[in-house]
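These are my notebook entries, written while I looked through the structure one topic at a time. I begin with the place where two chains meet, and then turn to one chain by itself.

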Amino acid sequence: MQLTVNGDKYDLDVEEDMPLLWALRDELGIKGPKYGCGIAQCGACTVHLDGLAVRSCSIKMKQAAGKTVTTIEGLGADALHAVQEAWIEEQVAQCGYCQSGQIMSAATFLMLNPSPSDADIDQAMSANLCRCGTYPRIRKAVKSAAAKLRSA
Amino acid sequence: MVDMGKVARRTFIIGSAAIAGGVAFGYYAINRPHKNPLLDDLEPGEAAFNPWVKITPEAVVLIAPHADLGQGVRSMQAALIAEELDLDWGDFVVSPGEPSPAYYNRALADMAAPFLSTDRSVPAELTRGAMGALFKLLGAQVTGGSSSVPDSYETLRLAGAVARETLKKAAAKREGVRVADLTTEKGAVVLPDGRTIPYTELAADAAKIKPVSNVELRDPSEWRLIGKPMPRLDIEPKSTGAVTYGVDVEVDGMLHASIKLNPRQGGALLSYDASAAEAMRGIKTVMPVTGGVAVVADNTWRAFKAADAIDCEWGPAPYPNEMADHWAALENSFTDDLLDSKWRDEGDMDAALEGTEVISAEYRAPYLAHAPLEPISAIVRVDDDGAEVWTGTQIPRFVQTNVAAIVGCKPEEVRLHNQYIGGSFGHRLEDEQVKLAAEIAKAMKGKPIKLTYSREGDFAHDFPRQIALARTQGVVKDGKVEAFDISIAMPSVLDSQFSRQAMSAPPGPDDQIAAGAWNLPYAIPHYRMRAYRAAQLAPISSWRSVGASSNGFFADCALDELIIAAGADPMEERLRLADDPVSLKVLEAVADMSNWGSDLGPDRGRGVAFVRSFGVPVAEVIEVTNTPSGVRIDKVFAAADVGRIIDPVNFESQVSGGVVWGLGHAMNCEITYKDGKAEQSNYHQFEGMRLYQCPEIIVRGLENAERIRGMGEPAVPPAAPALANAIFNATGQRIREMPFNKHIRFV
């Protein structure tokens, strides 16, 4: 199966029902997407599939084949994405394990909704679980990233 | 009086055997410093002045032996060394180092002594000294108990100062100038003529001289780093996906393993049929291991899938199958035989309760999973020289010992590479996954085996927070709290944890059964606290704030009930009762922050709670609104006193993270057993808190306490009682059992 990840093309010989997450992590060695729950509950595995945030633990390879994947490693490959800048400035991460997924979710969210209300942010970002409780800083970082993206 | 702890620490660092008389240490060995582990593999031209600083011709390497679980201690440890060593922030390499007895945790030893943290009496100090001696002998390198800051605060600054003065001495010798004429700045020694010599260029010379032993620590007024916001060293790599956690480590030739263990924890494997699993793609082998079966494959997902396909017949659980029997065991534990200790007995409780109206209540706290987002994993490779291990652990030397016992080598032949940990909350104080990985790796000598738990496996085999039950009673008189009596029963976390290390818990009472309930800083005329050590039930472990996570809820809410019954204001009465000046200031701060007493408007309420755990007084005020779709938490105000704040940004993160942890679990979570198995298998049944439920959190740090303390845990215990007290204030409903969502709806 063909897959383009962060601009590189790969040909993978894996089962059709292998989740994209495990093809990325164990077949391609791309470790930014994290395994947290395996059932699309935590969002740690979030990547962009053809430009939109998806839970890679719950996308089977037959659904991903032929498509373009961006992981956290590819998001800021040339220069940091505004969301990453905001995450660094607001010092969001504690353990950091969920943050790749949080950042990938926030990037798609802000692309679709450049001027979100507080309620929009709460709703969109509630799909990503953070066990350390970095939520107050996530809220601040999403707002500041939105402002950065609007003024860019 | 002489501060025994301080003397011991200084002596340790400097390596002198001089020690003040009168310390209850029985061994000469106690006075002798542990060997510096950095000397073992020093290359020519490199210098290591103590176990925390190594300078090579290329880099200044700082060793941060406390494990980083997300609480930011790698940066904190580096900051303390860099402060005295005059390094610019980030202009160094930080490494977790290798496990060594030199990194034994002095502060945890202090806390293991069952005295109030403010108690500086001779018995308290002697006991702390003896515990310190024990921990040192054991070489107990442990990250936990909110002890990383107190353990590091003086030691690591001294380590930086020793390195700095030794480098100056080397420079003085080389340049023929006086040490007194030298200064240091930006990782270099500055000569009288203004020229600078980078430390890296002095490493070879410095390695040839004896480290300077007599150093003075700088006055806080001279600090460049400590007390100021520092970007955590891991923030950028954690925002770009560049951090490697234990579960991300790759070793050449590595295979992936998964396990299927008896979901009745500790029960036996009676038989299994792996024929379907063995036929699946990528499966290398299936083998029995302690308590279950392991699958080895070429991909984690294939290993998970094959493990699911194994048919197993399991033996019974070594604890009651059903929750009702767990609760019954606690209900029957308030007996004289099981009285672990009577921690407080002020006034005359029996007389106070006699012939008057007694207000009594019963409080419950359930089992709770740790469920950090990074599932537990370990890579082990067994070879002729011993074993090599890659994992994230808070107990590296226990890991070495356990792997050595399985593999059949010496602990020092187990080379351990400690990793960044994606959340722990106490989970990585256990090392079952490393033991199992070692069993598999031993059977597949030469092959690195990475064992990863599935999320379902992690929930099924976590050792949860203790289940606990409290019975409280009290008397009020003339608008005041007159008597407060609290008895708590729980199985001992220490007993359970030590049993998995094939050790017995230290003799004497387990202070965690009483933590957060025996040290109320209130001058209540009659105050009694009794702790009952119930028999072991399900295996349990330390969970962020341990005993205080249940007991803070019990004690503060039960007291709140008395204050309400007395007709007093919850804040005013706590302020009136407070007899510890540091705690009083914390309560005053939170009253001020929350504008306590102001009108909140309709359908709203507020509650205050105060709990002291790990030596840190914390007060929280919570404001809620009773909406038609349930209770919404609007704001949390939190004030805490740790004596000295090392980094205000990280301090704030630890407090607000602790509040979220405390609230999310109190509102929404429990682990229950049915047929001996945990009923919750993934986050859809154990959510903690999600962002939409997260209130605004306003934090204030105070620095009045005499001793410095850590903030990883102490913000957790007051969150649940502050919420329950606020819910009572808003709705009139008193909740005495966690999780609260069994009794009330949340937005």
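**Entry: the contact between the chains.** I looked up who takes part in the contact and found that chain B supplies 47 residues, while chain A supplies 46 residues. I kept in mind throughout that this is a predicted model. On the side of chain B that touches chain A, the elements that give two or more residues are helix 7 (235–240), helix 9 (300–308) and helix 19 (648–668) of chain B. Helix 19 of chain B gives the most to this side, with 6 residues. When I sorted the residues of the side of chain B that touches chain A by type, I noted 20 nonpolar, 17 polar and 10 charged.

**Entry: confidence.** For the model I wrote down an ipTM of 0.98 and a pTM of 0.95. Chain B has an average pLDDT of 92, and 95% of its residues score at least 70. Residues 1–31 of chain B, however, have a pLDDT below 50, although this stretch has 44 contacts in the model beyond near neighbours in sequence.

**Entry: chain B as a whole.** I counted 20 helices and 27 strands in chain B. Its radius of gyration is 27 Å, close to the 27 Å that the globule rule gives for 747 residues, so chain B is as compact as a globular protein of that length. Along the principal axes, the C-alpha atoms of chain B fill a box of roughly 85 × 70 × 50 Å. I also noted that 58% of the 747 residues of chain B count as buried. Of the contacts in chain B between residues at least 6 apart in sequence, 78% join residues at least 24 apart.

**Entry: one sheet in chain B.** Here I followed 4 strands of chain B, which form an open sheet in the order 1-2-3-4 with mixed pairing. Strand 1 (47–50) and strand 4 (93–95) of chain B each have a single partner strand and stand at the edges, so one side of each is left without a neighbour in the sheet. On average, neighbouring strands of this sheet are turned by 20° against each other, direction ignored. Strand 3 (residues 60–63) and strand 4 of chain B run parallel and are joined by 3 bridges; Ile63(B), for instance, has Ser95(B) in strand 4 as its bridge partner. Helix 6 (residues 199–206) of chain B packs on the sheet, where it touches strand 1, strand 2 (53–55) and strand 3 of chain B, and its direction makes about 95° with that of strand 2 of chain B.

How values were computed
Residues numbered from 1 in each chain as written. Chains lettered and ligands numbered in written order. Predicted model: local features only at pLDDT ≥ 70, side-chain atom pairs only at ≥ 80, totals over all residues. Pairing = 2+ DSSP bridges. Axes fitted to C-alpha atoms, helices over the stretch in contact; angles between N-to-C directions. Contact = placed C-beta atoms within 7 Å. pLDDT = per-residue confidence, 0-100. Rg over C-alpha atoms; globule rule 2.2 N^0.38 Å. Buried ≥ 20, exposed ≤ 12 C-beta atoms within 10 Å, placed from the backbone. Nonpolar A, V, L, I, M, F, W, Y, C, P; charged D, E, K, R; others polar.
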